[in-house]
Amino acid sequence: MKTKTNCLEYDVGEMVDGDKNSLWHHLKPHKCFGTQEQMIIVEGKGLVLKDIRGKEYLDATSGGVWSVMVGYGRDSIAEAVCEQLKKMNYFAGAYGNIPAIKFANKLLEKLPGHDKVYFSNSGSEANEKAFKIVRQASCIDPARKGKYKIMYRDRDYHGTTIATISASGQAQRKQDFGPFLDGFVEFPHCACYRCPYDKTYGSCDIECARNVEDIILKEGAESIGALIVEPITAGGGILKPVPEYYPILQKICRKYEIWMIMDEVVCGFGRTGKFWGHEHYDVAPDIITMAKGLASSYEALSATVVKQKIYDVFLNDPANPATRLDYFRDISTYGGCTAPMAAALESTRIIDDENLVENSRIMGKYLLERLNELKKYDCVGDVRGQGLFCGIEYVNNKATREPVTEERMATLMGNVVAQGVLVGRTNSSFHDLNNVMNFAPCLIITKKQVDTIVAAVATAIEKTF
Ligand SMILES: Cc1ncc(COP(=O)(O)O)c(C=O)c1O
């Protein structure tokens with residue numbers, strides 16, 4: 001009899017060859033692996049990662065895509081998952097299970113005014129569910145008849161599937177995947193550094209929000225069901241709307257019975273120094289989607305959370321009782337897994353008990369202050385952020401704001417990694433505008449670790465420019 005599978009033991013050479021021969025990595029041009037070895041991460045503790053060659057890195061990306069909120073190597077999450085799996089691993093989400101009930105209650109405690117939680121597996125899927133809710137509602141609710149279109153912002157990202165990419169801006173990221181789905185309508189971003197209306201905050205009339213009404217009227221308000229936004233745009237370049245932005249947008253949405261979907265996939269769970277990104281604004285979204293930090297990426301989990309008024313549309317389908325299907329006609333096999341909710345419950349307990357949202361606020365403020373010191377370099381055009389979610393926009397010329405090339409960014413990034421620090425960047429998302437370096441470390445970061453990250457970036461800037 002063979003012994004049970006053991007992923008913790010391996011032969012280094014075999015793994016390096018296996019990586020090259022068998023894996024198709026996300027977002028990677030693989031030709032470089034002819035001469036270069038791909039980094040294989042084998043261990044993590046706190047913010048520190050170790051690769052298969054034994055080299056250590058300080059991770060300022062929370063796992064590359066901003067999702068390991070409580071840090072690596074948390075025994076208590078692994079134990080919670082293990083105990084739950086031994087007891088009961090799975091039954092379809094059409095039925096109840098204990099961790100799902102407990103975690104749904106926990107989420108609703110953190111979202112007063114919201115009433116129902118629908119679980120699935122990824123951020124894309126959580127947004128797909130939101131779109132399907134909007135579309136089905138536009139068929140079964142006479143008051144919403146025909147309101148099936150979804151509006152989205154031109155620098156936001158909402159996922160990898162064809163529907164969610166149809167609802168994403170980021171032209172370069174979308175390239176080659178068309179034709180896109182009907183029923184998705186784009187509106188301009190709200191980034192002051194490159195204002196789409198060529199205005200300056202303080203002397204503008206928040207046109208970026210107000211002009212959305214014109215787009216709605218042009219498209220036909222009676223056809224628009226929802227508008228999706230990231231509270232603070234993440235992969236699109238760390239774009240934080242001004243305080244007036246969401247209240248204006250919300251007023252417009254309410255005027256035309258358009259539901260506001262807040263995509264908290266990145267910003268949720270303390271990333272921005274408040275538990276939810278939208279809490280920085282006077283706004284009350286109708287649907288909230290979340291993933292990534294939900295279970296700190298110890299397990300895959302996402303959720304779509306709605307207000308009672310939306311749930312009631314499905315409960316009270318007025319169609320002929322003999323033929324109607326008065327429920328949300330959607331299923332996700334893995335939405336019935338129990339381990340992700342067990343992980344999420346423990347991860348959220350850690351966030352609360354260790355006061356990590358407050359640490360995100362305090363350390364985030366310090367990180368932003370330290371990054372602002374880098375403005376002394378000619379290549380640093382803008383520094384921005386909220387909580388532990390910051391970005392630097394690199395330019396060739398501060399006056400014209402001409403962006404540096406993606407090649408230059410790649411060299412700069414290489415020079416940061418060479419010092420044992422991992423940071424992120426916009427990656428082939430916009431033609432000629434992939435020039436933002438981002439910082440989103442785990443919420444447990446210390447002042448000393450912030451200093452190490454900023455020092456590595458300063459050295460890399462000096463080497464690159
Ligand atoms: C704001 C936002 N929404 C949705 C998604 C999609 O999440 P996933 O990759 O889990 O499908 C992402 C992914 O980066 C994201 O940044």
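**Notes on a predicted chain, starting at a hairpin**

1. Gly-46 has a positive phi, near 65°, in the hairpin of E1 and E2, where 2 residues sit between the strands. Strands E1 (residues 41–45) and E2 (residues 48–51) pair in the antiparallel sense, over 4 bridges, and Gly-44 stands opposite Leu-49 in E2. On terms: two strands pair if DSSP finds at least two bridges between them, while the helices (H or I, at least four residues) and strands (E, at least two) are DSSP runs, numbered from the N terminus.

2. A word on what you're looking at. This is a predicted model, in which local features need pLDDT of at least 70 and side-chain atom pairs count only at pLDDT 80 or more, while totals for chains, interfaces and linings use all residues. Residues are numbered from 1 along each chain as its sequence is written.

3. Now the whole chain. The secondary structure comes to 15 helices and 16 strands. The radius of gyration is 23 Å, close to the 23 Å that the globule rule gives for 465 residues, so the chain is as compact as a globular protein of that length. That radius is taken over C-alpha atoms, and the rule is 2.2 Å times the number of residues to the power 0.38. The C-alpha trace spans about 70 × 65 × 40 Å along its principal axes.

4. How much of the chain is buried? Of the 465 residues, 46% count as buried. Buried here is 20 or more other C-beta atoms within 10 Å of a residue's own, with C-beta atoms placed from the backbone. As for contacts (C-beta atoms, placed from the backbone, within 7 Å), 72% of those between residues at least 6 apart in sequence join residues at least 24 apart.

5. Next, the open sheet. Its 7 strands have the order E4-E10-E9-E8-E7-E5-E6, with mixed pairing. Strand E4 (116–120) and strand E6 (184–187) are the edges, each pairing on one side only. The twist averages 20° from one strand to the next.

6. Two pairings in this sheet are worth a look. E4 and E10 are antiparallel, over 5 bridges, with Val-117 opposite Val-305 in E10. E4 is also mostly covered, as 4 of its 5 residues are buried. By contrast, strand E5 (residues 149–153) and E7 run parallel, joined by 4 bridges; Lys-149 has Ile-224 in E7 as its bridge partner.

7. Which helices lie across these strands? Helix H4 (residues 98–110) lies across E4 and strand E10 (302–306), at about 125° to E4. H5 lies across E4, E5, E7, E8, strand E9 (287–290) and E10, at about 30° to E10. Axes are lines fitted to C-alpha atoms, for helices over the stretch in contact, and angles run from 0 to 180 degrees between N-to-C directions.

8. H5 turns up again at the ligand: helix H5 (residues 123–140) gives the most to the shell around the ligand, with 3 residues. Of the 16 residues around the ligand, Ser-122, Gly-123, Ser-124, Gly-159 and Val-265 come nearest. A residue is near if its C-beta atom, placed from the backbone, lies within 6 Å.

9. Finally, helix H10 (residues 245–255). Its buried residues are Tyr-246, Ile-248, Leu-249, Gln-250, Ile-252 and Cys-253. They pack against helix H8 (207–210), helix H9 (212–219), strand E7 (224–229) and strand E8 (259–263). After H10 comes Glu-257, with a positive phi near 55°.

How values were computed:
Buried ≥ 20, exposed ≤ 12 C-beta atoms within 10 Å, placed from the backbone. Contact = placed C-beta atoms within 7 Å.
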